[in-house]
Amino acid sequence: MTASLPPPPFGPAGVAVCGDRATRLGLCGDLAGALNEAMERLARLEADLGQDIAPFAIPLRQSLTDLCALVDQAVSLLTEEAMTEPASPPACIDEDRFSRLLEIAGPDTADELVDRLHLDLKHTRERLDEAMAAADWAEVRAQTHVLVSLAGTVGASELQRMAEALNGAAHLRDHDSAQAIRSELLGRLDGLLAFVARQRGSA
């Protein structure tokens, strides 16, 4: 007898969730891309085979459409969750956590770590600003994913939260929500860049 699998974890409104929020947003983006590709391939099959494939294509298209709607719902919930969390104090970073990170790196590599971090943050800021201006949603998703990781590593929790929210808006191609987040996120990123710049040579 085959053992039954445990039910998947469900969040609000029956949307399955797993992992942390950044991971879930990334998975949603991957799934949305795969579903869009499946819809395009189905459309090509319908164009090539016409009525011969209709009995199979119609229910399949409906199933794919339903899945796309669930992915959009999941992204909306995750974005709302990120945006409704209580804001952290104004400080751009948890300095104790940053200090512990440098201690773990050790004196021989701490300076290199700070230089690498500053370069990565600067590059991410430039690419993100360009992507936002061009409404390049794929690049916005990519750069916010990087920013979530960098901010989380150094203890910039509020910046991490806003990057998650912007990532969710990018998944939905929600221009208004993305623009509402943009200014404060870039301001906090500039604050983190300034903090890291002050640590260069003194790590």
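Good morning, colleagues. The structure is a predicted model, and I begin with the chain as a whole. Its secondary structure consists of seven helices and zero strands, so I will speak of helices throughout. Along the sequence the pattern reads α-α-α-α-α-α-α.

Of the 203 residues in the chain, 35% are buried. The accessible surface amounts to about 11,700 Å², and carbon and sulfur atoms account for 56% of that area. As to contacts, consider those between residues at least 6 apart in sequence: 70% of them join residues at least 24 apart.

Let me turn to helix 3, which spans residues 95–105. At its start, a side-chain oxygen of D94 comes to within 3.1 Å of the backbone nitrogen of D96. After helix 3 comes G106, with a positive phi near 90°.

The last topic is a pair of helices. Helix 4 covers residues 110–134 and helix 7 covers residues 175–199. How do they pack, in angle and in distance between axes? The angle is about 160°, and the axes lie 10 Å apart. Because angles over 145 degrees count as roughly antiparallel, helix 4 is roughly antiparallel to helix 7. The crossing of helix 4 past helix 7 is left-handed.

Which residues meet there? From helix 4 they include V114, L117, L121, L128 and M132, together with H118, K122, R125 and D129. From helix 7 they include L185, L186, L189, L192, L193 and V196, along with Q179, R182 and D190.

Thank you for your attention.

Technical notes: Residues numbered from 1 in each chain as written. Predicted model: local features only at pLDDT ≥ 70, side-chain atom pairs only at ≥ 80, totals over all residues. Heavy atoms only, no water. Helix = DSSP H or I, 4+ residues; strand = E, 2+ residues; numbered from the N terminus. Buried < 20%, exposed > 50% of the residue type's maximum accessible area, 1.4 Å probe, protein only. Contact = heavy atoms within 4.5 Å. Areas by Shrake-Rupley, 256 points an atom, 1.4 Å probe, with all protein chains shown as cover. Polar contact = N/O pair within 3.5 Å; in protein donor to acceptor, adjacent residues only side chain to side chain. Axes fitted to C-alpha atoms, helices over the stretch in contact; angles between N-to-C directions. Parallel < 35°, antiparallel > 145°, perpendicular 65-115°, else oblique. Left-handed = near helix turned anticlockwise from the far one by under 90°.
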